[in-house]
Amino acid sequence: MISKISKLESIQKRINDVEEMTSWSPVPLGSILRAPAYSYDAWGISITSENSTWLYVRSSVAYMTEWGKTDQRLNDLVSKAAEEAGLGDVNALLNRSVGSSAAAFLLDTIQRKGHFAMIDIGAGTGPTSLATLDALNELMLANKQGKNWDYGKIILVEPSKDRISRAIETVEKSAFYANYGKRTQVKGILKMEISALKLLKRGSIDVAISNAAIHHNAFNYHLKALHSAIERKTGQFISGDWHDSMWHSPERAYWMIAAMSRLNDQEKIDAILGFIKNGKMSESYKESREAKEFREYFGIDIEHMGDPFSQLSVRERKANAGIFRFWISVGKAFSDRNEKSPIFMIEAHEPVSKRVENLNAAGFDVLRHEEISIKEGEIGELATVMRATMRQAD
Ligand SMILES: C[S@@+](CC[C@H](N)C(=O)[O-])C[C@H]1O[C@@H](n2cnc3c(N)ncnc32)[C@H](O)[C@@H]1O
């Protein structure tokens, strides 16, 4: 018992140490338990049968603190930073792609069954549902579907009170709702997805949609809960998300820390960006005091660190370079205002191959995935939409 407690205490100490050590950053790193659980080992945390519940609860709490207190001003700041990083419309493009896939599926469902049930996980203020309903409205018109169908059910899941009421409003103001509102029920569930999904009847959802939200769960337990809620034979899960592996290990995170600690040194930032993309570092690289402290804490020897991105494919490297640009831009936005970001850098983004693995483990088959491309430059697999069906052998 004593040794169990002392092991948890040592993990907690590591979490606190890292938060404290990086407290100078305009964008806090956040708890290292927010990283994907598969990477905990690299951060010096082994998951055991004794500590897994504790780790899961701690990581969920670390996510909850963020979403409870974020507001529109913050969204605007982050969108502006994304624009400055050349990633401006990526979120809108992700939503458009999720929306058009989901709408085609919904039209088919309406024609087959006469009704549909859709759930939007991490609905935010409603853009993912809106993109879907706008596309569905167009398809209904183009296919002369008319009012010859029974009913639709739209469930919005979102832990932020402010956002969920705005999401409901967004849906109720949509053209689809103006045309079919009498037969469409809209329901908001103000909870994290794991608890919300437990409230639903097994197999009661035809399509689950989501954008930029699935990565808020280090353990991916929500994918199993989602699988249970979706209709077994024909149901689908259509999800857009950010896919990179910057938080895979302290060796990769080191480069984010190194850049964040010298935001005014554009030459250094460009050198690091080049290194993430192709593994070549400029000879003149000088380590900042903050980066050194972080590196030494994790016992990383700079002489032998090599290229921690070397096992990645070109598209995976580009994805990391894209998320790096995004955080540098957010960092600059907050540091220019002498403010600290209320959103944390570490998130459970995972490469596409890992997400596919996790979807498979939860009982899904990934039919197709589509990378979003932008004119401002290549971002590899950073923004990808996946369409998953239910594996029939299960
Ligand atoms: C980046 S926003 C995306 C919102 C919207 N889907 C869009 O495309 O703009 C992520 C949303 O997920 C919500 N979220 C965070 N953790 C969640 C969880 N565990 N379950 C459900 N939603 C969550 C956040 O409150 C936030 O509104």
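Student: Which residue does R315 form a salt bridge with?

Tutor: R315 pairs with E371, and their closest N and O atoms are 2.8 Å apart. A salt bridge here is a side-chain nitrogen of Lys or Arg within 4 Å of a carboxyl oxygen of Asp or Glu. This is a predicted model, where local features need pLDDT of at least 70, side-chain atom pairs count only at pLDDT 80 or more, and totals for chains, interfaces and linings use all residues. Residues are numbered from 1 along each chain as its sequence is written, and side-chain values use heavy atoms, with hydrogens and water left out.

Student: How is the chain divided?

Tutor: Domain 1 is 2-68 + 245-336, and domain 2 is 90-243 + 352-390; the bounds come from an automatic or database domain assignment. Taken over C-alpha atoms, the domain centres are 31 Å apart. Domain 1 puts 23 residues into the contact and domain 2 puts in 21, with contact meaning heavy atoms within 4.5 Å.

Student: How many salt bridges cross the interface of domain 1 and domain 2?

Tutor: The rule finds 2 across that interface, while a search of the whole structure finds 16.

Student: Which element gives the most to the domain 1 side?

Tutor: Helix 2, with 8 residues on the side that touches domain 2. Helices (H or I, at least four residues) are DSSP runs, numbered from the N terminus.

Student: Switching to helix 4, what span should its 24 residues have?

Tutor: Helix 4, residues 90-113, should span 34 Å at 1.5 Å a residue, and its end C-alpha atoms are 34 Å apart, which agrees. The expected span is 1.5 Å times one less than the number of residues.

Student: What comes just after helix 4?

Tutor: G114, which takes a positive phi of about 85 degrees.

Student: And which residue does D108 form a salt bridge with?

Tutor: R112, with the closest N and O atoms 3.3 Å apart. D108 and R112 are separated by about one helical turn because they are 4 residues apart in helix 4.

How values were computed: Helices (H or I, at least four residues) and strands (E, at least two) are DSSP runs, numbered from the N terminus.
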